[in-house]
Structures are given as structure tokens and as C-alpha cells.
Amino acid sequence: MSLELDLRDLARDIALEAGELARTRRAEGVRVAASKSTLADIVTDADREVEALIRSRIAQERPGDGFLGEESDATAGETGVTWVVDPIDGTVNYAQGIPAYAVSIAAVRGGTTFDAWQAIAGVVRAPAFGETFLAAAGEGSAVETMDGSAPLRVSEEWPAGALIGTGFGYDPRTHAGDNATVQRVMPLARDVRRIGAAALDLAYVAAGRLDGFFERGLKPWDIAAGALLVAEAGGSVAELPADDFGRRMTVAGHQHLVDRIAERVTAE
Ligand code: IPD
Ligand code: CA
């Protein structure tokens, strides 16, 4: 088997195990351990425990690889492969008991920023929904459930307007600007969704459930797996220049829609 498929399958196994741990901890009751960048930006004990599990499984199977996760210190590897991991994307949903959260695991080479990496494999597992979205570079992307597997394809037409996902950063100073951006994009939209987990937003774009997605200020672990899902489903992901708060804009969907959203989010 190719390296791409090997790493995808390893990421899938680890994401399934990590997702079950997250689900178990959720059922037992969640404790917020700390706030990070702002009061709204929380980390739970489960985020840390799930990341530690993922990290130890990767280290067992691929000891020389690098690691970049949301909740622990990064390490550079010796193999050229780095794992970019969000143990729980959608932590606020998770803490509030909303089932839209996911484990996101990607393997990349070449760097740990969107511009620098070439993604090799990516998996987004939504344990509360029983869905696993997975992709390997050059091999397409698919969603797996208990009922089987189906290939992913981004939507190509949106006659009633596009169903567009978005998100807002945790810093209240950025909310007014983000609302203004939504207003500028609205003429393209039939409606908007704020699902609360960027990895799931991107998986849903890959699946054609959302037509497009845009959000400022996402981190590498929010997008590494999801961006590969979109690309392998025939879509495109763009990173646009930063705003005054240093937040770049991620836009995803079919290339035509990405271009149209990009025009509007960059217009002041
Ligand atoms: C967050 C989610 C959310 C997005 C935030 C992210 P986290 O990740 O993806 O949808 O709006 O920008 O930080 O904190 O739940 O891992
Ligand atoms: Ca997270």
C-alpha cells in the first residue's frame, strides 16, 4: 500500500479510538480546565486527555514523525512527516452538550502552515454522529458510517443561492468585523450555518452538504485534515491575507464559489 493510504488508515484507527474516548468523557460530564486566548476560548480535561492518547498512538506507530497539536508542545520529527491534530474541534459545543464536535488528524510534509505543507492524509471523525470523513492525497475522499462508505464531492451548482458555513473567533473585538463580512457575503447565500467546528464545516463542504465556507483566524489544526478532504472532493481552499488582528481568511468550496466569496470578503 502507498504511504498516503497507510497514513490515512492509521489516522482513521487513531481517530476512531480518540473519538470514543471523547464520547465517553462527554457522557461522564465535562470539566472546563482553563481559558486560553480569551475567556470564551476554553480547554476541557477531555481535550488534553484525547490529545495525549492520539500523540502516544502516533509515537508508538511512527516514532520519528513530528507533531503539532492544539493542546501540547510541538515537536519536530526526523522523517519529514508531521501530524497536525485537533483532539476536539468544536470544544464549546462539546462543553455545552451539542454533538457537533470532531477529532481532526492530518499527516503533512513540508511545513506546518497552510502555505508550507503538502497534506498526505486527513481524517475528521464526528463520534456523536458516527461519521468518519477521510482522504489521502491523490486517492479521493470518502465518508464512512456503520452503513458503509461513500465518495465525497463538493457541490457544483447552487440555484437557490449557496448554503454557506462560517464561524466567529473567540475575541469579542473581532465580532463586529465578522458580522460585517457575513453581511457582504449574504447576497450569494440561500442561508448561513454556524456549526461551531471548522473541521466539520470543511468535511461538510467536501460532502456537498454545505456549498461553501469562510472563516477568519483558523489555526493549522482546525483546517489541515478538512482542507485535504475538500481538495480531494474536487474543491478548493484559499487562504487570503490577514486582517488588522492578524487573522487570515480561509475560504472553501467549488473554485467558482471560492472566487465569489473571496471577492466579497476582501471588499471593504
Ligand atoms: C474552534 C472551532 C470553531 C471556530 C473557532 C475554532 P476549537 O476550534 O473550529 O468552529 O469558529 O475559530 O477555534 O477551539 O473548538 O478547537
Ligand atoms: Ca480544539
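**Close-up 1. The donor residues of the calcium ion (ligand 2) follow the sequence spacing E-x15-D-x1-I.** The protein donors here are Glu 70 (OE), Asp 86 (OD), Asp 86 (OD) and Ile 88 (O), sitting 2.1 to 3.0 Å from the ion. To count as a donor, an N, O or S atom has to lie within 2.8 Å of the metal (3.2 Å for Na, K and Ca); water is not among the atoms, so sites may look incomplete. This is a predicted model, where local features need pLDDT of at least 70, side-chain atom pairs count only at pLDDT 80 or more, and totals for chains, interfaces and linings use all residues. Residues are numbered from 1 along each chain as its sequence is written, chains are lettered from A and ligands numbered from 1 in the order in which they are written, and side-chain values use heavy atoms, with hydrogens and water left out.

Close-up 2. Glu 70 is in the loop between β3 (66–69) and β4 (81–89), while Ile 88 is in strand β4, so the pair ties together parts that are 18 residues apart in sequence. (Strands are DSSP runs of E, at least two residues, numbered from the N terminus.) Glu 70 is partly exposed at 23% relative accessible area, and Ile 88 is buried at 1%. Buried means under 20%, exposed over 50%, and partly exposed in between (1.4 Å probe, protein chains only).

**Close-up 3. Tyr 94 and Tyr 101 make an edge-to-face pair.** A search of the whole structure turns up three aromatic pairs. In this one, the ring centres are 4.8 Å apart and the planes meet at 75°. Rings of Phe, Tyr and Trp (its six-membered ring) pair if their centres lie within 6.5 Å; planes under 30 degrees apart are stacked, over 60 edge-to-face, and the rest tilted. Both Tyr 94 and Tyr 101 are buried.

Methods. Helices (H or I, at least four residues) and strands (E, at least two) are DSSP runs, numbered from the N terminus.
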